[in-house]
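The exercises below ask you to read a model step by step, with the sequence and coordinates at hand. Try each task before turning to its solution.

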Amino acid sequence: MIKVDQLTKLYGKNTAVKSLSFQLSLGNCIALLGPNGAGKTTTLRMMSGLIRPTSGSINLGTSNHKDIRREIGYLPQHPHFHLWMTGKEFLIYVGQLAYLSKKEARKKAELLIERVGLKDAAKRKIATYSGGMKQRLGIAQAMIHRPKLLMLDEPVSALDPIGRRDVLNLMEELKRETTLLFSTHILSDAEEASDEILLMHKGSIVESGPLDQLRKRHHVDKISIQSELPPEVLKSKVDQLDFINRVERDKQRLDLYVSDIKSAREQLLKQSLEEGWDLEHFEVGRITLEDLFMKVVNGHAVDDRF
Ligand SMILES: Nc1ncnc2c1ncn2[C@@H]1O[C@H](COP(=O)(O)OP(=O)(O)OP(=O)(O)O)[C@@H](O)[C@H]1O
């Protein structure tokens, strides 16, 4: 179990990460999801030992090393490669930096370059690699010392669809071998690759858990209606209906939140016919994890609707 406790990072007066606490189960793939500036990179950099937290702690469980960097593999958002080296040379070089002997580094480089699908390009200069190939090489360098936790900062955001697919497939395979934590600002990437989501907003975690549980928790049915009646008159009518949990007004339209969509639909239609509401619009919909995410992305606080 990897435990992050009350992790905080201040840059002057700006709180980049605020009292972050979470636990990662070994063998899971976790997405750190959030809009730009949420604090994802700062969190990963603290966890990888690149920057010091202002306060809080990171515990890797049964760590034999005092220096957590020995247990962690990290691919930064904008990795730097020596473009004049070949892919294989680069991995040998990185392996030696990670305290492997030259022989071990060479062996490991050969295995890994094949593992990430770059065997045919092993002797080509990195300058000739595509974006996706560079990311795969970056993942290989992060794994050279067999880390307990592999962290990838926005591994697919900058890639074209082919590179993105290649890297997502590779992540799918790697998550069987190691605990994988990756950041992204794209919900569908988090959904595709991860078992669990940590949703960050303004330096804090606003939601976390396995994807299916989050989906269930944020699945709320609603019926949107609009009529020829003024919205305040219509609202006074629906406010009296006990099967409606909450009513929100959006200009002329009312959003009615309900628990049982089927029966609510029938009762509403019946009521509107009986009372002559003159409905112009009647739409059945739902709030989903996407809506929660869009709210966070658009910079709104997560209110009690979710
Ligand atoms: N070295 C720094 N000095 C000052 N402020 C910083 C520094 N690094 C990050 N910040 C600030 O901390 C906050 C979180 O930034 P961070 O890069 O961690 O977010 P992020 O979620 O990774 O966003 P992005 O997707 O844009 O990389 C932002 O307000 C950012 O401006």
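**Exercise 1.** Which residue takes a positive phi just after α9, and what is the value of that phi?

*Solution.* This is a predicted model, and the backbone angle in question belongs to Gly276, whose phi is about 65°.

**Exercise 2.** Locate Gln6 and Asp278 in the chain, and determine whether each is buried or exposed.

*Solution.* Gln6 has a phi near 55°, a positive value in a residue other than glycine, and its place is in strand β1, which covers residues 2-11. To settle its exposure, count the other C-beta atoms within 10 Å; there are 12, and because a count of 12 or fewer is the criterion for exposure, Gln6 is exposed.

Asp278 likewise has a positive phi near 55°, but its place is the loop between α9 (261-275) and β13 (279-287). Asp278 has 10 C-beta neighbours inside 10 Å, and therefore it counts as exposed.

**Exercise 3.** Describe the shell around the ligand by element and by residue class.

*Solution.* First list the residues that surround the ligand: Tyr11, Asn14, Ala16, Gly34, Asn36, Gly37, Ala38, Gly39, Lys40, Thr41, Thr42 and His185. Finally, sort the shell by class, which gives three nonpolar, eight polar and one charged residues.

**Exercise 4.** What are the mean pLDDT of the chain and the elements with the lowest and highest mean values?

*Solution.* Start from the whole chain, where the mean pLDDT is 88 and 94% of the residues reach 70 or more. Then go to the elements of the chain, among which helix α10 (residues 289-297) has the lowest mean, 73, whereas α1 has the highest, 95. To complete the scores, the model has an ipTM of 0.96 and a pTM of 0.79.

**Exercise 5.** Into which domains is the chain divided, and how many Å apart are their C-alpha centres?

*Solution.* The division gives domain 1, residues 2-216, and domain 2, residues 220-287. The C-alpha centres of domain 1 and domain 2 lie 47 Å apart.

Technical notes
Residues numbered from 1 in each chain as written. Predicted model: local features only at pLDDT ≥ 70, side-chain atom pairs only at ≥ 80, totals over all residues. Helix = DSSP H or I, 4+ residues; strand = E, 2+ residues; numbered from the N terminus. Buried ≥ 20, exposed ≤ 12 C-beta atoms within 10 Å, placed from the backbone. Near = placed C-beta within 6 Å. Nonpolar A, V, L, I, M, F, W, Y, C, P; charged D, E, K, R; others polar. pLDDT = per-residue confidence, 0-100. Domains from an automatic or database assignment.
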